[in-house]
Amino acid sequence: MRTGKSDISGWLVRPAGGHLWAVLVTVLAASAAHAARTVPGGGMDNAIVVRAARTWLAGGSPYDDPHFLYLPSAVLAAVPQALLPGAVLRVLVPCAVTVLLALAWACALLLHRVPLGSRLAALGLTALALGFAPFGHLVLLGNWTVTATVALPLALLLASRGRWTGAGAVIGAAVALKPLLAPVVLLFLFAGRRRALMAAVLVPALASGAAALAMPDPAGFFTRTLPFLLHGDDGFVRLYEASPAAVLPRLGVPPALAQGLAAVAACAGVLCAYRRWRRADPGPLRLAETGAGLMLSAFLVSRPSYDHYLLVALPLLLAGLPYAGSVARGVWFWIALVPQVPGLTWPWLESERRRAFRDAFTLCVLAVTVARQALTGPGDAGGRVPPGRAPEPERAPAAPF
């Protein structure tokens, strides 16, 4: 990295000392070890996938379990886990989830051209692990959402380097495992990248079609899972959903009205994401903010929508912190994250069954913040970035550590 007028400069992007990496490794190892000791079988959500694969191996239908919310291709992907003993999964899954989260952060940094040995690389991941509760929840649950957290920044990184078809294939592979990133196909439409769009659609379609032929109930995803996702008729699941469509009825809003409001908000978010893409300023913020905006808009209306879904978008936004005018430079970005600080007790929201209200606050404020950025353009305390120029990180004086 050049030390003069570089695209990336400042205190955050200077090399991190060994003590920062030691703290990071300790935190991540403690998080994985805690999950391994606390949750048998490699996480509650991972156990659902493994159980579905074992059911299929025994000749049954994985869709007999209403909480199995994945495409048929995910069943075959889970077979290796199904063949492992529980004692191995108990250690392997939280370690794998932690490594994948670190990889997602690394891809987000590379997208923003931030050195992997920088202070932001070490401090940012440490902050996510210590200060963002969904990080720990995802490690505990072992949910396959982690595949989406890696796939989105990796796909955007490939797109930033002109490898759009590869980006589409990555999104398609992630959708084949869990259809969480389906809204990202809109990005390929915005960009006019037909081959990338075809890859994103064909990869999961072919993989799921081939896997469905091996199922005793080939149409199970459409006849059982899809109606469950559309209606959300599960009292247990509803308590943990963060979308306004699920939270507003708990406050007395009629469900139909809540669903309508959430749909309107999601459509507005998609339009703002399109506006952000059309504002074709150079630099990595365009891809990151458009992708994050699409996903946050989808989470506003999707059923279910959990707190750990936020990890799909958050690393993309946080990694842009060195850039003047980035979303992470705004005060509302940080206000949105306050309810997710572990150990902070909120009056009347202490119960785990009420944490969905905190998650909904974070989701809605982040979505509005990203949408507002798309409409108003980059700007920070120092003023707006001139049109046609890529925002650059601020420089900082050298620090003694």
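# Reading side-chain contacts in a predicted model

Ring pairs link Tyr63, Phe68, Tyr70, Trp144, Phe221 and Phe222 into a cluster.

User: What kind of model is this, and how are residues numbered?
Analyst: This is a predicted model, in which local features need pLDDT of at least 70 and side-chain atom pairs count only at pLDDT 80 or more, while totals for chains, interfaces and linings use all residues. Residues are numbered from 1 along each chain as its sequence is written, and side-chain values use heavy atoms, with hydrogens and water left out.

User: How many helices and strands are in the protein chain?
Analyst: Helices (H or I, at least four residues) and strands (E, at least two) are DSSP runs, numbered from the N terminus. The protein chain has 18 helices and 2 strands.

User: What share of the residues is buried?
Analyst: Buried means under 20% relative accessible area, exposed over 50%, and partly exposed in between (1.4 Å probe, protein chains only). Of the 401 residues in the protein chain, 52% are buried.

User: How is a pair of aromatic rings described?
Analyst: It is described by the distance of the centres and the angle of the planes. Rings of Phe, Tyr and Trp (its six-membered ring) pair if their centres lie within 6.5 Å; planes under 30 degrees apart count as stacked, over 60 as edge-to-face and the rest as tilted. The whole structure holds 11 aromatic pairs. In one of them, the ring centres of Tyr63 and Phe221 are 6.4 Å apart and the planes stand at 70°, so this pair is edge-to-face. Tyr63 lies in the loop between α2 and α3, and Phe221 in helix α11, so the pair ties together parts 158 residues apart in sequence. Tyr63 and Phe221 are both buried.

User: How many salt bridges are there?
Analyst: A salt bridge is a side-chain nitrogen of Lys or Arg within 4 Å of a carboxyl oxygen of Asp or Glu. The count comes to 9 salt bridges. One of them joins Arg51 and Asp65, at 3.0 Å from N to O. Arg51 is in helix α2 (residues 44–57) and Asp65 in the loop between α2 and α3 (72–82), 14 residues apart. Arg51 is partly exposed, at 42% relative accessible area, whereas Asp65 is buried, at 18%.

User: Which residue forms a salt bridge with Asp64?
Analyst: The partner is Arg224, with the closest N and O atoms 2.4 Å apart. Asp64 lies in the loop between α2 and α3 and Arg224 in helix α11 (residues 220–231), so the pair ties together parts 160 residues apart in sequence. Arg224 is partly exposed, at 36% relative accessibility.

User: Are Arg355 and Asp307 buried or exposed?
Analyst: Both Arg355 and Asp307 are buried. They form a salt bridge, with the closest N and O atoms 3.8 Å apart. Arg355 lies in helix α18 (residues 355–376) and Asp307 in the loop between α15 (285–301) and α16 (314–318), so the pair ties together parts 48 residues apart in sequence.

User: Where is Asp281 found?
Analyst: Asp281 is in the loop between α14 (255–278) and α15, and counts as buried at 11% relative accessibility. Contact means heavy atoms within 4.5 Å. Leaving aside neighbours within four places in sequence, Asp281 is in contact with Arg276 and Arg286.
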